Amino acid sequence: MNVTIEENRSHPRLPDLLGAYHLVNQAEKGNAVTAVAELPAVYRGEAEDPAAVFTADTVLLATPAGDDLPAGCVVLKAPREGRAPEIKRLWVAPEARRKGIAKALMAEALRRAAASGAAAVRLTVWNWREEPLALYRSLGFETVASWDERPDLLCLEKTMEGEREETREKAGEKAGEKAREETAGPVEADRVERLTPDEVRAHASAGLAALLVDAVDGGASVGFLAPLAAREAAAWWSRVADEAAEGARDVWAAHGPDGGLTGVVTLVRGTTANGRHRGEIARLLVHRSARGRGLGYRLLATAEAHAAATGLTLLVLDTRTDSPAERLYRGAGWTAAGTIPDYAADPAGVPRATTLYYKRLG
(Lines give C-alpha, C1' and ligand atoms only; values in the text may rest on other atoms or scores of the structure.)
Protein backbone atom coordinates (compact mmCIF):
# COMPACT_ATOMS: atom_id res chain seq x y z
CA MET A 1 0.00 0.00 0.00
CA ASN A 2 1.29 3.47 -0.88
CA VAL A 3 1.62 5.72 2.15
CA THR A 4 2.70 9.36 2.30
CA ILE A 5 4.82 10.19 5.37
CA GLU A 6 5.11 13.79 6.53
CA GLU A 7 6.70 15.49 9.51
CA ASN A 8 4.23 17.89 11.11
CA ARG A 9 3.75 18.29 14.86
CA SER A 10 1.11 20.98 14.20
CA HIS A 11 -1.17 18.97 11.88
CA PRO A 12 -4.82 19.48 12.97
CA ARG A 13 -5.41 15.72 12.76
CA LEU A 14 -2.62 14.88 15.25
CA PRO A 15 -4.55 15.67 18.47
CA ASP A 16 -7.27 13.19 17.44
CA LEU A 17 -4.73 10.43 16.76
CA LEU A 18 -2.88 10.99 20.04
CA GLY A 19 -6.13 11.28 21.97
CA ALA A 20 -7.32 7.95 20.60
CA TYR A 21 -3.95 6.37 21.45
CA HIS A 22 -4.10 7.49 25.08
CA LEU A 23 -7.75 6.57 25.59
CA VAL A 24 -7.06 3.01 24.41
CA ASN A 25 -3.84 2.86 26.43
CA GLN A 26 -5.63 3.89 29.63
CA ALA A 27 -8.39 1.35 29.01
CA GLU A 28 -5.87 -1.45 28.49
CA LYS A 29 -4.19 -0.52 31.78
CA GLY A 30 -7.53 -0.68 33.60
CA ASN A 31 -7.88 3.08 33.98
CA ALA A 32 -10.55 3.69 31.33
CA VAL A 33 -11.81 7.23 30.77
CA THR A 34 -14.28 8.42 28.15
CA ALA A 35 -12.79 11.74 27.05
CA VAL A 36 -9.41 13.38 26.52
CA ALA A 37 -10.25 15.91 29.24
CA GLU A 38 -10.26 13.05 31.76
CA LEU A 39 -6.78 11.76 30.89
CA PRO A 40 -3.87 12.25 33.31
CA ALA A 41 -2.36 15.70 32.77
CA VAL A 42 0.82 14.47 31.07
CA TYR A 43 -1.16 12.57 28.43
CA ARG A 44 -3.89 15.18 28.13
CA GLY A 45 -1.25 17.76 27.26
CA GLU A 46 -0.02 15.65 24.34
CA ALA A 47 -3.51 15.30 22.90
CA GLU A 48 -4.46 18.93 23.40
CA ASP A 49 -1.27 20.67 22.25
CA PRO A 50 1.18 18.22 20.65
CA ALA A 51 3.13 21.01 18.95
CA ALA A 52 4.13 22.38 22.35
CA VAL A 53 4.81 19.02 24.00
CA PHE A 54 6.89 17.62 21.13
CA THR A 55 8.64 20.83 20.15
CA ALA A 56 12.10 19.18 20.19
CA ASP A 57 10.98 15.87 18.70
CA THR A 58 10.20 14.43 15.28
CA VAL A 59 6.49 13.77 14.75
CA LEU A 60 5.58 11.72 11.67
CA LEU A 61 2.12 11.19 10.19
CA ALA A 62 1.07 8.66 7.54
CA THR A 63 -1.68 9.23 4.98
CA PRO A 64 -2.79 6.27 2.83
CA ALA A 65 -2.95 6.85 -0.92
CA GLY A 66 -6.32 8.26 -1.93
CA ASP A 67 -7.16 9.56 1.56
CA ASP A 68 -7.31 13.16 2.71
CA LEU A 69 -6.37 12.58 6.36
CA PRO A 70 -3.44 10.98 8.17
CA ALA A 71 -4.40 7.59 9.60
CA GLY A 72 -1.37 7.04 11.82
CA CYS A 73 1.42 8.73 13.74
CA VAL A 74 4.66 8.07 15.57
CA VAL A 75 7.02 10.23 17.63
CA LEU A 76 10.83 9.97 17.55
CA LYS A 77 11.95 11.59 20.77
CA ALA A 78 15.15 13.59 20.65
CA PRO A 79 18.06 11.98 22.58
CA ARG A 80 18.50 13.37 26.10
CA GLU A 81 21.27 13.12 28.69
CA GLY A 82 23.30 10.79 26.50
CA ARG A 83 20.43 8.32 26.07
CA ALA A 84 19.41 6.89 22.70
CA PRO A 85 16.44 8.46 20.90
CA GLU A 86 13.16 6.74 21.75
CA ILE A 87 10.20 5.83 19.57
CA LYS A 88 6.83 6.53 21.19
CA ARG A 89 3.13 6.95 20.40
CA LEU A 90 2.95 4.60 17.42
CA TRP A 91 -0.74 4.60 16.53
CA VAL A 92 -2.84 3.64 13.51
CA ALA A 93 -6.59 4.28 13.38
CA PRO A 94 -8.46 0.94 13.68
CA GLU A 95 -10.11 1.26 10.27
CA ALA A 96 -6.71 1.66 8.58
CA ARG A 97 -4.86 -1.24 10.19
CA ARG A 98 -3.27 -4.26 8.49
CA LYS A 99 -2.26 -2.12 5.53
CA GLY A 100 1.42 -1.58 6.34
CA ILE A 101 1.01 1.89 7.84
CA ALA A 102 2.67 1.09 11.17
CA LYS A 103 5.62 -0.54 9.41
CA ALA A 104 6.00 2.47 7.10
CA LEU A 105 6.01 4.86 10.07
CA MET A 106 8.58 2.78 11.92
CA ALA A 107 10.80 2.50 8.86
CA GLU A 108 10.83 6.27 8.40
CA ALA A 109 11.50 6.89 12.10
CA LEU A 110 14.43 4.48 11.99
CA ARG A 111 15.75 6.05 8.80
CA ARG A 112 15.74 9.48 10.41
CA ALA A 113 17.40 8.19 13.55
CA ALA A 114 20.14 6.60 11.43
CA ALA A 115 20.61 9.79 9.43
CA SER A 116 21.09 11.72 12.69
CA GLY A 117 23.98 9.43 13.63
CA ALA A 118 22.22 7.64 16.51
CA ALA A 119 24.01 4.46 17.58
CA ALA A 120 20.77 2.86 18.78
CA VAL A 121 17.04 3.46 19.12
CA ARG A 122 14.90 2.29 21.99
CA LEU A 123 11.21 1.91 22.84
CA THR A 124 8.87 0.39 25.40
CA VAL A 125 5.84 -1.83 24.79
CA TRP A 126 3.35 -3.55 27.06
CA ASN A 127 3.89 -7.31 26.96
CA TRP A 128 0.24 -7.95 26.05
CA ARG A 129 0.49 -6.00 22.80
CA GLU A 130 1.35 -8.95 20.64
CA GLU A 131 1.07 -7.34 17.19
CA PRO A 132 3.24 -4.27 17.91
CA LEU A 133 5.75 -6.50 19.68
CA ALA A 134 5.93 -8.78 16.63
CA LEU A 135 6.49 -5.74 14.41
CA TYR A 136 9.33 -4.47 16.59
CA ARG A 137 10.97 -7.90 16.65
CA SER A 138 10.76 -8.10 12.86
CA LEU A 139 12.57 -4.75 12.63
CA GLY A 140 15.46 -5.99 14.77
CA PHE A 141 14.51 -4.72 18.24
CA GLU A 142 15.67 -6.90 21.14
CA THR A 143 14.73 -6.95 24.82
CA VAL A 144 17.26 -5.17 27.04
CA ALA A 145 17.62 -4.36 30.73
CA SER A 146 14.67 -2.29 31.86
CA TRP A 147 14.95 1.47 32.29
CA ASP A 148 11.26 1.66 33.32
CA GLU A 149 10.26 -0.61 36.19
CA ARG A 150 6.50 -0.59 35.56
CA PRO A 151 5.15 -4.18 35.64
CA ASP A 152 4.48 -5.80 32.24
CA LEU A 153 6.44 -3.11 30.37
CA LEU A 154 9.17 -4.41 28.06
CA CYS A 155 12.17 -2.29 27.10
CA LEU A 156 13.54 -2.90 23.59
CA GLU A 157 16.52 -1.54 21.71
CA LYS A 158 17.89 -1.74 18.17
CA THR A 159 21.45 -0.97 17.13
CA MET A 160 21.62 1.28 14.08
CA GLU A 161 24.81 0.27 12.26
CA GLY A 162 22.91 -1.62 9.56
CA GLU A 163 20.40 1.21 9.20
CA ARG A 164 23.21 3.76 8.75
CA GLU A 165 24.77 1.66 6.01
CA GLU A 166 21.46 1.46 4.19
CA THR A 167 20.97 5.20 4.64
CA ARG A 168 24.38 5.90 3.09
CA GLU A 169 23.63 3.59 0.16
CA LYS A 170 20.39 5.41 -0.52
CA ALA A 171 21.89 8.88 -0.15
CA GLY A 172 23.13 8.92 -3.73
CA GLU A 173 19.74 7.76 -5.00
CA LYS A 174 18.01 10.49 -3.01
CA ALA A 175 20.38 13.12 -4.33
CA GLY A 176 19.65 12.03 -7.88
CA GLU A 177 15.90 12.11 -7.25
CA LYS A 178 16.17 15.58 -5.74
CA ALA A 179 18.15 16.84 -8.71
CA ARG A 180 15.51 15.50 -11.09
CA GLU A 181 12.73 17.10 -9.04
CA GLU A 182 14.54 20.45 -9.03
CA THR A 183 15.03 20.23 -12.77
CA ALA A 184 11.34 19.54 -13.24
CA GLY A 185 10.40 22.35 -10.84
CA PRO A 186 8.65 22.22 -7.45
CA VAL A 187 5.12 20.87 -7.08
CA GLU A 188 2.88 23.69 -5.94
CA ALA A 189 0.15 23.13 -3.37
CA ASP A 190 -3.38 24.23 -4.13
CA ARG A 191 -3.96 27.78 -2.89
CA VAL A 192 -7.05 28.25 -0.70
CA GLU A 193 -8.55 31.73 -0.51
CA ARG A 194 -11.83 33.39 0.33
CA LEU A 195 -13.83 34.62 -2.66
CA THR A 196 -15.56 37.98 -2.74
CA PRO A 197 -19.15 38.07 -4.05
CA ASP A 198 -17.85 39.44 -7.36
CA GLU A 199 -15.31 36.62 -7.59
CA VAL A 200 -18.04 34.07 -6.95
CA ARG A 201 -20.01 35.58 -9.85
CA ALA A 202 -16.93 35.57 -12.06
CA HIS A 203 -16.29 31.86 -11.40
CA ALA A 204 -19.96 30.81 -11.35
CA SER A 205 -20.30 29.77 -14.99
CA ALA A 206 -16.88 28.11 -15.26
CA GLY A 207 -14.83 26.77 -12.35
CA LEU A 208 -17.56 26.67 -9.69
CA ALA A 209 -20.14 25.18 -12.03
CA ALA A 210 -17.61 22.56 -13.13
CA LEU A 211 -16.94 21.55 -9.52
CA LEU A 212 -20.66 21.09 -8.86
CA VAL A 213 -21.23 19.11 -12.06
CA ASP A 214 -18.21 16.90 -11.29
CA ALA A 215 -19.55 16.17 -7.79
CA VAL A 216 -22.99 15.18 -9.08
CA ASP A 217 -21.47 13.08 -11.87
CA GLY A 218 -19.38 11.34 -9.22
CA GLY A 219 -22.45 10.37 -7.20
CA ALA A 220 -22.30 13.02 -4.46
CA SER A 221 -25.61 13.90 -2.85
CA VAL A 222 -25.38 17.69 -2.88
CA GLY A 223 -28.93 18.72 -3.71
CA PHE A 224 -29.08 17.94 -7.44
CA LEU A 225 -30.06 15.07 -9.71
CA ALA A 226 -27.96 13.80 -12.59
CA PRO A 227 -27.30 14.85 -15.21
CA LEU A 228 -26.75 18.36 -13.92
CA ALA A 229 -26.60 20.99 -16.67
CA ALA A 230 -23.75 23.48 -16.39
CA ARG A 231 -26.27 26.31 -16.79
CA GLU A 232 -28.24 25.10 -13.74
CA ALA A 233 -25.04 24.78 -11.71
CA ALA A 234 -23.95 28.29 -12.70
CA ALA A 235 -27.36 29.70 -11.73
CA TRP A 236 -27.04 28.15 -8.28
CA TRP A 237 -23.62 29.73 -7.77
CA SER A 238 -24.99 33.09 -8.88
CA ARG A 239 -27.53 32.86 -6.07
CA VAL A 240 -24.69 32.00 -3.69
CA ALA A 241 -22.93 35.21 -4.81
CA ASP A 242 -26.03 37.16 -3.79
CA GLU A 243 -26.01 35.47 -0.38
CA ALA A 244 -22.31 36.30 0.00
CA ALA A 245 -23.05 39.96 -0.79
CA GLU A 246 -25.72 39.95 1.93
CA GLY A 247 -23.25 38.48 4.45
CA ALA A 248 -25.24 35.26 4.82
CA ARG A 249 -22.66 32.94 3.25
CA ASP A 250 -18.85 32.81 2.98
CA VAL A 251 -17.10 31.01 0.13
CA TRP A 252 -13.56 29.62 -0.11
CA ALA A 253 -12.05 28.10 -3.24
CA ALA A 254 -8.87 26.15 -3.90
CA HIS A 255 -6.81 27.13 -6.95
CA GLY A 256 -4.54 24.58 -8.58
CA PRO A 257 -1.07 25.41 -9.95
CA ASP A 258 -2.64 26.35 -13.29
CA GLY A 259 -5.13 28.69 -11.62
CA GLY A 260 -8.14 26.43 -12.17
CA LEU A 261 -10.51 25.72 -9.28
CA THR A 262 -9.94 22.35 -7.60
CA GLY A 263 -12.22 22.64 -4.58
CA VAL A 264 -14.73 24.81 -2.74
CA VAL A 265 -16.53 25.06 0.58
CA THR A 266 -19.17 27.46 1.88
CA LEU A 267 -20.21 28.53 5.36
CA VAL A 268 -23.85 29.55 5.84
CA ARG A 269 -24.49 31.75 8.85
CA GLY A 270 -27.54 31.47 11.09
CA THR A 271 -29.86 34.43 10.57
CA THR A 272 -32.53 33.95 13.22
CA ALA A 273 -32.22 35.90 16.46
CA ASN A 274 -31.61 32.74 18.46
CA GLY A 275 -29.31 31.10 15.94
CA ARG A 276 -26.65 33.65 15.15
CA HIS A 277 -24.09 31.72 17.15
CA ARG A 278 -24.05 28.85 14.68
CA GLY A 279 -23.22 28.15 11.07
CA GLU A 280 -23.56 25.35 8.55
CA ILE A 281 -20.82 23.85 6.40
CA ALA A 282 -22.31 23.35 2.93
CA ARG A 283 -21.06 22.20 -0.48
CA LEU A 284 -17.60 20.96 0.46
CA LEU A 285 -16.48 19.83 -3.01
CA VAL A 286 -13.12 18.60 -4.27
CA HIS A 287 -12.72 17.79 -7.95
CA ARG A 288 -12.07 14.09 -8.53
CA SER A 289 -8.77 14.91 -10.20
CA ALA A 290 -7.54 16.71 -7.04
CA ARG A 291 -8.46 14.18 -4.38
CA GLY A 292 -6.04 12.27 -2.21
CA ARG A 293 -3.80 15.19 -1.18
CA GLY A 294 -5.66 16.56 1.84
CA LEU A 295 -7.48 19.37 0.06
CA GLY A 296 -10.90 18.57 1.55
CA TYR A 297 -9.43 18.74 5.03
CA ARG A 298 -7.72 22.06 4.30
CA LEU A 299 -10.91 23.61 2.98
CA LEU A 300 -12.88 22.39 6.00
CA ALA A 301 -10.24 23.61 8.45
CA THR A 302 -10.18 27.03 6.75
CA ALA A 303 -13.94 27.44 7.11
CA GLU A 304 -13.86 26.25 10.73
CA ALA A 305 -11.07 28.67 11.65
CA HIS A 306 -12.94 31.60 10.08
CA ALA A 307 -16.15 30.62 11.84
CA ALA A 308 -14.40 30.57 15.21
CA ALA A 309 -12.57 33.84 14.53
CA THR A 310 -15.84 35.59 13.69
CA GLY A 311 -17.67 34.51 16.83
CA LEU A 312 -19.49 31.34 15.84
CA THR A 313 -19.48 28.67 18.55
CA LEU A 314 -21.27 25.80 16.82
CA LEU A 315 -21.17 24.32 13.32
CA VAL A 316 -23.50 21.75 11.76
CA LEU A 317 -23.63 19.83 8.51
CA ASP A 318 -25.31 16.83 6.94
CA THR A 319 -23.88 14.22 4.60
CA ARG A 320 -24.95 10.98 3.00
CA THR A 321 -24.60 8.09 5.45
CA ASP A 322 -21.63 5.80 4.77
CA SER A 323 -20.18 8.18 2.18
CA PRO A 324 -16.42 8.89 1.97
CA ALA A 325 -17.16 12.35 3.38
CA GLU A 326 -18.15 10.80 6.70
CA ARG A 327 -14.58 9.60 7.26
CA LEU A 328 -13.33 13.14 6.63
CA TYR A 329 -15.73 14.72 9.12
CA ARG A 330 -15.14 12.13 11.82
CA GLY A 331 -11.41 12.49 11.38
CA ALA A 332 -11.73 16.27 11.71
CA GLY A 333 -13.42 15.95 15.10
CA TRP A 334 -17.08 16.23 14.13
CA THR A 335 -19.71 14.35 16.17
CA ALA A 336 -22.59 12.41 14.62
CA ALA A 337 -25.91 13.60 16.04
CA GLY A 338 -28.14 11.03 14.33
CA THR A 339 -29.22 9.46 11.06
CA ILE A 340 -32.42 10.09 9.13
CA PRO A 341 -33.48 7.33 6.70
CA ASP A 342 -34.45 8.26 3.13
CA TYR A 343 -33.69 11.92 3.83
CA ALA A 344 -32.42 12.89 0.37
CA ALA A 345 -32.21 11.33 -3.06
CA ASP A 346 -28.82 10.58 -4.58
CA PRO A 347 -28.05 11.89 -8.10
CA ALA A 348 -29.80 8.83 -9.55
CA GLY A 349 -32.99 9.68 -7.65
CA VAL A 350 -32.73 6.90 -5.04
CA PRO A 351 -33.62 7.99 -1.47
CA ARG A 352 -30.64 7.62 0.86
CA ALA A 353 -30.04 8.03 4.59
CA THR A 354 -28.35 11.20 5.82
CA THR A 355 -26.26 11.65 8.97
CA LEU A 356 -26.27 14.96 10.84
CA TYR A 357 -23.02 16.20 12.38
CA TYR A 358 -22.02 19.03 14.70
CA LYS A 359 -18.81 20.54 16.04
CA ARG A 360 -18.34 22.95 18.92
CA LEU A 361 -15.79 25.71 18.40
CA GLY A 362 -13.52 27.25 20.99
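So, helix H8: its buried residues pack against helix H7 (197–217) and strands S9 (249–255), S10 (261–269) and S11 (278–286). Buried here is under 20% relative accessible area, exposed is over 50%, with partly exposed in between, using a 1.4 Å probe and protein chains only. Contact is heavy atoms within 4.5 Å. Helices are DSSP runs of H or I, at least four residues, and strands are runs of E, at least two, numbered from the N terminus.

Bear in mind this is a predicted model: local features need pLDDT of at least 70, side-chain atom pairs count only at pLDDT 80 or more, and totals for chains, interfaces and linings use all residues. Residues are numbered from 1 along each chain as its sequence is written, and side-chain values use heavy atoms, leaving out hydrogens and water.

Which residues of H8 are buried? Ala233, Ala234, Trp236, Trp237, Val240, Ala241 and Ala244. Down the axis of H8, these fall within an arc of 160°, so they line one face of the helix; the arc uses directions from the helix axis to the C-beta atoms. Turned away from that buried side are the exposed Arg231 and Ala245. After H8 comes Gly247, with a positive phi near 85°.

Okay, over to Asp190. You'll find Asp190 in the loop between helix H6 (161–184) and strand S8 (191–195). Asp190 counts as buried because its relative accessibility is 5%. Its side chain makes a 2.8 Å polar contact with that of Thr262, meaning N or O atoms within 3.5 Å; within protein, one must be able to donate a hydrogen and the other to accept it, and residues adjacent in sequence count only if both atoms are side-chain atoms.
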